[in-house]
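Colleague: I am new to reading side-chain contacts. Could you take me through a model, feature by feature?

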Amino acid sequence: MRKEPPSSTVTTVGKIYLCVSITLFMLVFSLRPCYDYLISGSSLCYSAATSISSGQVTQIRSVGVGGVSSEKRKVSLPANPYKRKFVSHGNAAALFVQMGAYRGGQTTFAVVGLASKPVHVYGRPWYKCEWIPNNGNSSVRTIAHKILPDSGYGRVYTVVVVNCTFPKNPNADNRGGKLILQAYYGESPRRFEKFTVLEEATGAYDESKFRPPYKYEYLYCGSSMYGNLSADRIREWMAYHAWFFGPKSHFVFHDAGGVSPAVMAVLRPWVQAGRVTVQDVTAQAEYDGFYYNQFLIVNDCLHRYRHAANWTFFFDVDEYLYLPAGETLESVLRDFSNYTQFTIQQNAMSSFLCINDSAHNISSQWGFEKLVYRDSRTRIRRDRKYAIQAKNAYAAGVNLSENVIGKTLHLTDSRIRYYHYHNTVTVDEELCRKLLPVSDINATTWIDKVPFVFDDSMKRLVPVIKEYQRSSVRRVRSPGNS
């Protein structure tokens, strides 16, 4: 029996059914991204073919199968109530605070300043140096090397010494130029501050300044002077060390609020004689660093006077250098010349123990003349101060430099040491608060479980120092030197 082919009606119904099924499937598929809106009753629903940017939705609608035209329209999305904003106001700390910038030689420069400590502790800021010559030639760039010399003692600010070393002298023709520093906030090279740190005028470069003989034999770099300093103690200290270092020496003091008119009156004759420079650094108080920013101060002094003297000394105005009998400063430093730096051991002195000697008027005596009892404890850690050949140093510390070329010598106490009169430099009233009988000179005196022994090494030098001070000040104030 012959089978008849399916009727066209059935075929048409099947095709319609298939088309309806495909259409419903596409409709359901296109509604899936809008499920959240549907169950929430929102009328916003877009096809899957959307692009979202900056809070806006661009809907694309095709026209016809195989059509060539399309329509785009932008619709704003509702603000996300859970997206939080962070709005900054002001700056807690500067990226970089420059104190000084100095040429350190033919190809090298140093920029000394402060920087935000958290940025350097938790980030990776870096620096780039650029020299822009005055002769119209292209600039020269180099990556800088940063040093953080304050050993983590910084507070809001830490000290930064930026070393810029170029392949060759960027001002070889001596026509001058500018040193530009780029300070970066972090590892990214896109965010930085760019500023001029040094300008060298035409003819200003003098290579002879960077090699011996230097202007001075010895230079003193003092830390920040703060508080209510006693003019008498400063007068005594200055007279002693002007004698100790001799005429080819220079002293640099840094006034952080401690150089009162009375103290300045004591220093003025030495300033007029060319022996002393007083730098006003009171503006450092705006930047919260360690101990009146003393790490910043000593590093600026190091680089400012790097090629001014053979040896640079770092110690405080309540400390007195001392040479044992038979030693001279010249002979000691000659023997230490193969070392970049040497440290100096402390002899701690009592700030209140004196001898009750009725033959002398105690109130008229100098501080280191009447304070003659030394802390005699052994096997304890003592503070040390130091001297350095600054030409071989990249940065300075308070008790030691950790950034030098060359060797460091520590075993020096048989050749040179210093007496420390702690808690005396701010005392204007009588220092002697406990008097011991002359008969106790050879005995050990215990105060608060600390043994003290009689030591009049400094006292024996007082007559010479007083005469030196009188003659030196008299020369400065004579009519020919006024």
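Modeller: We will look at disulfides, then at aromatic rings.
Modeller: This is a predicted model, so local features need pLDDT of at least 70, side-chain atom pairs count only at pLDDT 80 or more, and totals for chains, interfaces and linings use all residues. Residues are numbered from 1 along each chain as its sequence is written, and side-chain values use heavy atoms, with hydrogens and water left out.

Colleague: How many disulfides does a search of the whole structure find?
Modeller: A disulfide is a covalent bond between the sulfur atoms of two cysteines. Here the cut-off is a pair of cysteine sulfur atoms within 2.5 Å. The search finds three. In one of them, cysteine 129 and cysteine 164 have their sulfur atoms 1.9 Å apart.

Colleague: Which parts does the pair of cysteine 129 and cysteine 164 tie together?
Modeller: Cysteine 129 is in strand β6 and cysteine 164 in strand β9, so parts 35 residues apart in sequence are tied together. Helices (H or I, at least four residues) and strands (E, at least two) are DSSP runs, numbered from the N terminus.

Colleague: Are cysteine 129 and cysteine 164 buried or exposed?
Modeller: Both are buried. Buried means under 20% relative accessible area, exposed over 50%, and partly exposed in between (1.4 Å probe, protein chains only).

Colleague: What does the torsion tell us about the S-S bond of cysteine 221 and cysteine 301?
Modeller: The torsion is about -85°, so this disulfide is left-handed. Cysteine 221 lies in strand β12 and cysteine 301 in helix α6, so the link ties parts 80 residues apart in sequence.

Colleague: Now the rings. How many aromatic pairs are there?
Modeller: A pair of aromatic rings is described by the distance of the centres and the angle of the planes. Rings of Phe, Tyr and Trp (its six-membered ring) pair if their centres lie within 6.5 Å; planes under 30 degrees apart count as stacked, over 60 as edge-to-face and the rest as tilted. The count is 41. Among them, tyrosine 226 and tyrosine 292 have centres 4.0 Å apart and planes at 5°, so they are stacked. Both sit in loops, and the pair ties together parts 66 residues apart in sequence. Tyrosine 226 is partly exposed at 25%, and tyrosine 292 is partly exposed at 38%.

Colleague: Where does the charged end of lysine 407 sit?
Modeller: Over the ring of tyrosine 339, 4.7 Å from its centre. The rule wants NZ of Lys or CZ of Arg within 6 Å of the ring centre and within 35 degrees of the ring normal. Arginine 191 lies over the face of tyrosine 185, 3.9 Å from the ring centre.
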